[in-house]
Amino acid sequence: MTDIALIESAREFNRFYTNFLGLLNKAYLDTPFTLTDARVLFEIGVHNGVNAGALARDLQLDPAYLSRILKRFREEDFIEATPDPADQRSQILTVTTKGRAQFEELGRRSNAQIAARFDTLADGEPQAAVAAMRTIRAILDPQAKPAPAVIRPHRAGDIGWIVQSQGRFYAEEYGWDLRFEGLVADVAGKFLANFDPEMEYCWIAERAGINLGSVLITNGGDGIAKLRLLYVDKAARGLGLGRQLVDECIAFSGRKGYRQISLWTNDFLHTARAIYQKAGFRLVSEERHRMFGPEANGQTWVLDL
């Protein structure tokens with residue numbers, strides 16, 4: 001049986017969130033609509049051709065209650081209904097020009113409401129809130145499909161995220177001290193200060209606006225590219241992002257005429273080492289060290305291009 005404290009916490013969150021969005025207000029988003037009215041119009045506007053029976057089922061509305069809403073929408077010229085070719089007992093609902101304008105206005109107001117809330121938060125907090133929302137949906141809604149991840153070039157703020165995320169990760173997972181975060185900050189800072197877009201690059205793996213991974217290629221001189229700071233967040237493990245990021249490094253280095261890619265890692269990073277081996281890197285040296293606290297075994301790997 002579920003712990004009653006967990007149930008009470010879920011109910012407390014529900015009360016907070018309904019108030020946060022103003023869902024109990026009779027006039028939703030300062031319009032003449034209730035929340036249910038707005039949701040019905042939203043679903044019809046998004047699909048622009050939805051079966052009335054399916055609408056009642058998907059929104060879990062009593063058919064008679066939904067029928068009254070639809071009757072009012074037709075009288076106000078927000079929607080029109082035509083017989084469903086697949087079932088003459090049902091109707092296909094679409095928005096009119098007037099209904100489309102009202103649907104779009106509701107969308108603008110909803111966006112503005114959430115933007116106003118997010119604008120009061122500190123940097124990174126909107127992303128953290130949305131990530132938590134996705135986690136809730138992924139756990140409670142088996143049909144929820146995560147947005148696809150994309151690989152993009154770095155932009156303002158990304159290098160700071162690399163330092164923060166890797167410093168925290170290695171401290172939590174492996175007990176490394178602040179000297180490692182200092183090393184990451186030094187590498188990342190030099191990348192920004194001396195960035196040569198012709199020969200260097202930073203890739204960021206992102207999903208729905210949330211950074212999930214990163215890697216750098218820097219110019220090591222003498223035709224050697226250095227692969228630096230490969231990282232994939234725990235929330236994105238199993239998506240193949242590490243391999244994609246390494247493949248981007250290899251392709252870029254080849255195009256730029258580098259003769260070799262070199263990288264430094266540690267032997268306990270089994271997933272990363274497996275990616276390097278599969279990509280054709282070979283181990284050329286290793287050494288024990290205590291650079292960041294606990295004893296570790298550092299390794300240098302290279303790939304001839």
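**View 1. Phe13 and Tyr17 share helix α1 in this predicted model.** Helix α1 spans residues 4-20, and Phe13 and Tyr17 sit four residues apart in it, about one turn of the helix. Helices here are DSSP runs (H or I, at least four residues), strands are runs of E of at least two, and both are numbered from the N terminus. Residues are numbered from 1 along each chain as its sequence is written. Local features need pLDDT of at least 70 and side-chain atom pairs 80 or more, while totals for chains, interfaces and linings use all residues; side-chain values use heavy atoms, without hydrogens or water.

**View 2. The structure holds 26 aromatic pairs.** One of them joins Phe13 and Tyr17, which are stacked at 5.7 Å centre to centre, with 10 degrees between the planes. Rings of Phe, Tyr and Trp (its six-membered ring) pair if their centres lie within 6.5 Å; planes under 30 degrees apart are stacked, over 60 edge-to-face, and the rest tilted. Phe13 is partly exposed, at 39% relative accessibility. Tyr17 is partly exposed too, at 26%. Buried means under 20% relative accessible area, exposed over 50%, and partly exposed in between (1.4 Å probe, protein chains only).

**View 3. Tyr170 and Phe180 form a tilted aromatic pair.**

**View 4. Arg117 lies over the face of Phe20.** The distance from the ring centre is 4.4 Å. A charge sits over a ring if NZ of Lys or CZ of Arg is within 6 Å of the ring centre and within 35 degrees of the ring normal.

**View 5. A nonpolar patch lies on the surface.** Phe13, Phe16, Ile136, Ile139 and Leu140 form it, with about 550 Å² of accessible area together (Shrake-Rupley method, 1.4 Å probe). Patch residues have over 30% relative accessible area and no salt bridge, and nonpolar side chains are joined within 5 Å. A salt bridge is a side-chain nitrogen of Lys or Arg within 4 Å of a carboxyl oxygen of Asp or Glu. Helices α1 and α6 (125-140) each give two or more residues. The largest share, three residues, comes from α6. Ile136 lies in α6 and is partly exposed, at 41%.

Note on methods. Patches are made of residues with over 30% relative accessible area and no salt bridge: like charges are joined within 9 Å, nonpolar side chains (Val, Leu, Ile, Met, Phe, Trp, Tyr) within 5 Å.
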